Amino acid sequence: PTGMTYDEFSGQVYICDSGNNRIQILTKELSFISQFGEDSLSSPRDVKLSLDHIIVLDESNYCLHLFSYDYVLQKSVITRNTGTQEIDPFYFFIDRFDNILVSDYNYNSVLIYNSQFQFIHRISVSTSPMGIAVDQ
């Protein structure tokens with residue numbers, strides 16, 4: 001497992017099972033509930049929950065994937081070799097406004113997308129960010 005998140009409302013745990021290219025959903029007691037992503041993920045690194053979606057950072061495909069809560073892929077954003085920007089996503093964070101902040105390890109920056117995955121801003125940093133957290 002490379003990343004996980006906990007849904008305090010449902011009590012479910014979402015775990016990135018990168019070796020099996022899927023997200024596993026468990027109870028808070030760690031009993032298996034379900035899994036998804038086998039057909040669309042390749043080495044998921046991080047998973048977070050927004051108000052309306054499950055967002056997965058797919059390391060091998062350089063993508064952010066937006067899934068509905070019934071595990072249907074809604075949208076994907078390729079974050080590498082897109083023409084206007086080239087990044088190597090490492091981890092991400094969702095702020096209280098549902099903006100998605102992505103740490104770009106190889107290019108020393110943090111990228112900000114809105115909840116519809118539209119690029120907003122790039123912040124340059126002096127070192128390679130391996131994670132990200134925001135004081136809300």
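**View 1. Aromatic pairs in the predicted model.** A search of the whole structure finds three aromatic pairs. The structure is a predicted model.

View 2. Phe36 belongs to strand S4 (residues 32–36) and Phe67 to strand S7 (residues 63–67), so the pair ties together parts that are 31 residues apart in sequence. Phe36 has a relative accessibility of 3% and therefore counts as buried. Phe67 is also buried, because its relative accessible area is 1%, and the cut-off for buried is under 20%.

**View 3. The aromatic pair of Tyr113 and Phe119.** Tyr113 and Phe119 form an edge-to-face pair, in which the ring centres are 5.8 Å apart and the planes are at 75 degrees. Tyr113 counts as buried because its relative accessibility is 2%. Phe119 has a relative accessibility of 40%, so this residue counts as partly exposed.

**View 4. Lys48 and the ring of Phe92.** This view shows a charged group and an aromatic ring. The charged end of Lys48 is placed over the ring of Phe92. The distance from this charged end to the centre of the Phe92 ring is 5.5 Å.

Methods
Residues numbered from 1 in each chain as written. Predicted model: local features only at pLDDT ≥ 70, side-chain atom pairs only at ≥ 80, totals over all residues. Heavy atoms only, no water. Phe/Tyr/Trp six-rings, centres within 6.5 Å; stacked < 30°, edge-to-face > 60°. Helix = DSSP H or I, 4+ residues; strand = E, 2+ residues; numbered from the N terminus. Buried < 20%, exposed > 50% of the residue type's maximum accessible area, 1.4 Å probe, protein only. Lys NZ or Arg CZ within 6 Å of the ring centre and 35° of its normal.
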